[in-house]
Structure formats: structure tokens, C-alpha cells
Amino acid sequence: MMKAIQIALLGMGTVGTGVVKILANNARSIQQKVGAPVVIKKILVKNPDKVRNITTEAQLVTSIDEILHDSDIKIVVEVMGGELPAKDYMLAALKAGKHVVTANKDVVAKYGRELFDAAAETHTDFLFEASVGGGIPIIRPLKQCLAANQISEIMGIVNGTTNYMLSKMTNEQMDYSDVLAEAQAKGYAEADPSADVGGYDAARKIAILASIGFGARVTLEDVYIEGITNITIEDIEYARELGFVIKLLAVAKQDDRGINVRVHPAFLPVTHPLAAVNDVFNAIFVKGDAVGETMFYGRGAGELPTASAVTADIIDVARDIRHNVSSRILCTCFEQKPIYPVSKTESPYYIRLLVEDKPGVLAAIAGAFGAQQVSLHSVIQKRKVECATELVLITYRVSDENIRLAMNTLLGMSMVSKVGNVIRVEAEQIS
């Protein structure tokens, strides 16, 4: 039996604690899978005297140098979160010849190339399965299991907080402010929830997935982002009435024009596999030319699900060490592909308006849409709101650019009191 492979953790919060538990509870099976014991030697913490809900024989240290200069430590596992100093610590570890495992989507999305380059130079592994989808295997499937495919689409629900909120709004008719307060009380949403409800968390994740799936570098700046802050109970109910559910989708597609990557709320047909993904669960839907359609589903966050993915990466690296190999699969962004803007994308749209209740209004609105080549599939007159009438419109497939031009025209019409919402319909055709 080979001597123990020693590792260090950077951080001992929720995910770090989960890694400690899994390595302890499953030590025997992990040893059999690796061919050697995997042992945590040191853990970087801010306060070694803090009372923790788990005990460990690892040494608690407060300086990264105690890990970087320890030649016995072969794998550094970053579970501290945040961009800095996490990125600097990982880069230093790679340059010191240590393999790195991380769950940090922020760093991977922003500094992935720099970290991959450092790993290539030192012939070390840099793995990040837990950075997207928590315990759901998706990075390795895209890099390995689906490597023979040309991927045309990756679409998913990759933020558990917003999916929990939209599920509550749909199933219990709760309004946005109430469900946000409940999500914060349960620990699903931060005190400042903007990264989740604003779509930025999902945007970082889809940038990572698009880079891997399409073999080209996609950054956060390339992602069009809309959050869920404008979604109302009315929108939820109209979606249900029309045979849809509202989900915050992360969407990446490539075609002859290049790559388009976006995060936004969408009307999703109730028949779509992602429509049934509720609560804090995540799911990622992938289309490949050979495999067809596949979906990966599970818990997208939490102590043990995320730690499961982190520990799997540790096992993978430990196997490489055991067999004296490394850098088998590093950066897969081999190509330069254009990113085309959201204005050039096409889809049907749901539009909710408040208009004056008088003759000629419908004809004027239809004319405004027609002038921008927007064809209306249906116009439904809904409830009265004071002296105005609420209209719900569904368009046929149209470019984002044209829908924006039409909405600008409507906003300038005195008969239009308010544009309640404009939401994409993620469907090829409206029946």
C-alpha cells in the first residue's frame, strides 16, 4: 500500500466541514479507490480557537505559507469562497507544484485561464467539479463523457435560491417580497441577495459551462443577465393559464453565428423536463449531435452535495498521484468563436400591458407591433385595473432587437399606462 496522500484545506466553513466528514466517514472505500489513504494534514482558518461542530486531527493553521512550504502536502483544496485571496492562494499552490481542487465559481469564471496556464506549466491538476451544480456531475461529463459530441445547447436551472423562490410563488401564490424573506430566514438567500436574484450567480456558472461545452473562452462579461426581481404573482398565474411555468434559466447556444450566452426568467412549457425541477434543486439540459438530449439533476448546493463533488475531485487527483500522471485534461478552450449579442437572438415573448379602456386601442397596439415585424399569436384581455385594462400578449418568434423597438414605441403611446413585464418564452414554436 502506498503511503498516505496528504492534502490541505483552505477554509473550514460549510463545504470544508462536509469534505472533512466525507473523508472520515468513507475513508476505507476512498483508500480502496485510490490505492492509498487520503489524509488532511492542515486546514487554513482565520481563528483556530473557534468552536466548530466537528473534530479533526488536522493541524489548524492561519498562514498559507505553512501549506505552500510543506512538501508533504500534494493537494490543496480551496473551499473558502470569494475571489480574493482565494485566487492568489490557488495560483501560489499551483506554482509551488501542488495540485488544486476548488468549488469556487467566481474564481473559475474570472481567472480560469490564468489558473489553467499555471497548472500546465507545473504539470499539476486543477479540478473544479463543484463550481457548478453542487453535487451534480456536469464538468467531468462535459469534458470527458460527452467529449465526442459537438454541443449545440446547454440550458439549466443552476441557482437554487431563485428556483426555490419561483417554486414557492408558483405553488403557494406567495409574492416576491414574502418569498425572499422566507428564503433569507431559511438560509437559502443571503442578507444581500443580489448575486442570486439578480442572476449573477447563474451567469458565472453558465460562463463556465459554455466555455467547456463549446471549447471556447466565455467570460462573465459575455453573458446577458436579467434577474427575477420583476416577476409578479400575475406573471406566475398567466404562465400557468397558458401552459407554462416561469424559471430563471441559464442558456448557452452555439450555431453558425457563434455563441450566445444569457441568464433570464423565461416561460417554459410544462412539458419540458426542466419545468418539473422545483425547490432548491438544479438541473442542466445538454444537447449534443451524437448523444441527443441529456439532463443532469440533483441538489445544487449544501454541505454534503457540494462536498461530494469536491471529494470526487480529490480522489481523481489522488489517483493521478498514485499512478504518477497529471494534467490529463486541463483547459479545453481550444477555439476562438464569436459571441453574438442577445439582440440577435429570437424567441416568442409574453408581454403584459395596462392600456386605456377605449375603442381603437387594440388596433393601435397591433399596428405598433406590426411596424417592427412583431407578429402577435394571441391577445387576451384580462382584468380591469382602475380605469385601465390589462392585456396579455404572446408573440410569434421574433428577434430581441425588434421586440425592444416595439416596446419603445408602446412606451411613447399615451394610451399605454404601463408595461407590466416582458418575458421570453423558451419554446421553438407557440401552438
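The questions and answers below take up helix packing, an aromatic pair and a glycine.

This is a predicted model, in which local features need pLDDT of at least 70 and side-chain atom pairs count only at pLDDT 80 or more, while totals for chains, interfaces and linings use all residues. Residues are numbered from 1 along each chain as its sequence is written, and side-chain values use heavy atoms, with hydrogens and water left out.

Q: Why are helix 7 and helix 11 called roughly perpendicular?
A: Helix 7 (residues 160-172) and helix 11 (residues 233-242) pack at an angle of about 70°, with their axes 9 Å apart. Angles of 65 to 115 degrees count as roughly perpendicular, under 35 as roughly parallel, over 145 as roughly antiparallel and the rest as oblique, and the two helices are therefore roughly perpendicular to each other.

Q: Why are helix 7 and helix 8 called oblique instead?
A: The axes of helix 7 and helix 8 (residues 176-185) come within 9 Å and cross at roughly 130°, and helix 7 and helix 8 are therefore oblique to each other.

Q: What makes up the contact of helix 7 with helix 11?
A: Leu166, Met169 and Thr170 in helix 7 meet Ile233, Ile236 and Arg240 in helix 11, where contact means heavy atoms within 4.5 Å. These residues divide into 4 nonpolar, 1 polar and 1 charged, given that Ala, Val, Leu, Ile, Met, Phe, Trp, Tyr, Cys and Pro count as nonpolar, Asp, Glu, Lys and Arg as charged, and the others, Gly among them, as polar.

Q: What makes Phe116 and Phe128 an edge-to-face aromatic pair?
A: A search of the whole structure finds 7 aromatic pairs. In the pair of Phe116 and Phe128, the rings lie 5.7 Å centre to centre with 70° between the planes, whereas the definition asks for centres within 6.5 Å and counts planes under 30 degrees apart as stacked, over 60 as edge-to-face and the rest as tilted. The pair is therefore edge-to-face.

Q: How do you know whether Phe116 and Phe128 are buried or exposed?
A: Phe116 has 6% relative accessibility and Phe128 has a relative accessible area of 4%. Buried means under 20% relative accessible area, exposed over 50%, and partly exposed in between (1.4 Å probe, protein chains only), so Phe116 counts as buried and Phe128 is buried as well.

Q: Why is Gly215 called buried?
A: Gly215 has a relative accessible area of 11%, and is therefore buried. Gly215 sits in the loop between helix 10 (200-214) and strand 8 (224-225).

Definitions and conventions. Axes fitted to C-alpha atoms, helices over the stretch in contact; angles between N-to-C directions. Helix = DSSP H or I, 4+ residues; strand = E, 2+ residues; numbered from the N terminus. Phe/Tyr/Trp six-rings, centres within 6.5 Å; stacked < 30°, edge-to-face > 60°.
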